[in-house]
Amino acid sequence: MNKSETDIRKALLAGVTTALEGMVFEEVEPADTKNIFDDFNSKLFLVYSPIIDPLMGIFLLAVPENTAKTVTINVYGKADMNPDKSLITDTLKEIINTASGCFMRNYLGYSANFSLGLSVAKWGKIPELERSLAKIYIDLNGKYLMVEVAGKLDVDLPGTKENTPVANL
Amino acid sequence: MIDDILIVDDSSTARMITQRCMEIAGYQNARFHEAANGIKALQFISEHKVDLFIVDLNMPEMDGLTLLGRLRNDPKYKETPVLVISSLLNEEKESGLKELGVFAVLTKPISPASVLKSMQKLSGDTNWGS
């Protein structure tokens, strides 16, 4: 199965949209990236979800601090809460876990078997992922976040586990 | 009668979402308990009764599948209903889980409606919204 970058982007956008609309209750749209790059030049919440089987890759969610707080407040449905970093991280991990599962089902189909590793969170600048396949900026009602998938996502080429993308976790 | 529900998921956010969906789906009077992995779930049930398990699959220390195997080998819990909620589901996993006696599986993200529909499988009540 050789899928194009367009297929990957479609599966990525659909997966992230399903996860965010189902958990954050905000309309999700691809962002116009012209005016938002400043939001992503400083340190951010970075959450990684490793794709383990049947292909090797990584899913990255990058979220500016203010957006991360808003997302957490929306998920919890408590407008007056002030979430700490631990709760924000837990929420973002759950979002990426859900989004990466949706992405894999969109990309491979519901009959395909797949495994994901446990999510890992960091605070830092967006890394350059090797073998980046698709990167999408998302507009969440005026707040922005970025999702990227990288790796070797061709299921006709098994046995390439040594080629796992490097994210400097 | 479902009085005590144990939600097993390593994410506190996922546990909150699950409890909220269950409450909206009509289980607002149940007692909800939480465990962050299979080992903590086994510790909990050694001292408390549970009428329904809601289990994630992908967890550190002891995953949901291992926990399910342990429950099915425990005379006290081999018949206790288990609902699996996970982001890792596909046809094969769903079929394997049903062979282990899981009455329903739900892919994340869940909603009160999807939880209600699953719980109706347990009660045999297919009259939507009743």
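**Chain B against chain A: reading the interface**

In this predicted model, the side chains of B:Lys108 and A:Glu94 meet in a salt bridge, 2.8 Å from N to O.

User: What makes the pair B:Lys108 and A:Glu94 a salt bridge?
Analyst: The N to O distance is 2.8 Å. The cut-off is 4 Å, between a side-chain nitrogen of Lys or Arg and a carboxyl oxygen of Asp or Glu. The pair B:Lys108 and A:Glu94 therefore qualifies.

User: How many salt bridges does the rule find across the interface of chain B and chain A?
Analyst: One. On the chain B side, α1 (12–27) and α4 (91–99) each supply at least two residues. α1(B) gives the most, with six.

User: How much area is buried between chain B and chain A?
Analyst: About 1900 Å², with carbon and sulfur atoms giving 48%. In chain B, B:Thr13, B:Ser87 and B:Pro109 lose the most, together 25% of what that side buries.

User: Why is B:Cys21 called buried?
Analyst: Its relative accessibility is 5%. Buried means under 20%, so B:Cys21 counts as buried. A:Cys102, at 7%, is buried by that cut-off too.

Key
Residues are numbered from 1 along each chain as its sequence is written. Chains are lettered from A and ligands numbered from 1 in the order in which they are written. This is a predicted model: local features need pLDDT of at least 70, side-chain atom pairs count only at pLDDT 80 or more; totals for chains, interfaces and linings use all residues. Side-chain values use heavy atoms; hydrogens and water are left out. Buried area is the accessible area (1.4 Å probe) that two parts lose on being put together, summed over both. Helices (H or I, at least four residues) and strands (E, at least two) are DSSP runs, numbered from the N terminus. Buried means under 20% relative accessible area, exposed over 50%, partly exposed in between (1.4 Å probe, protein chains only).
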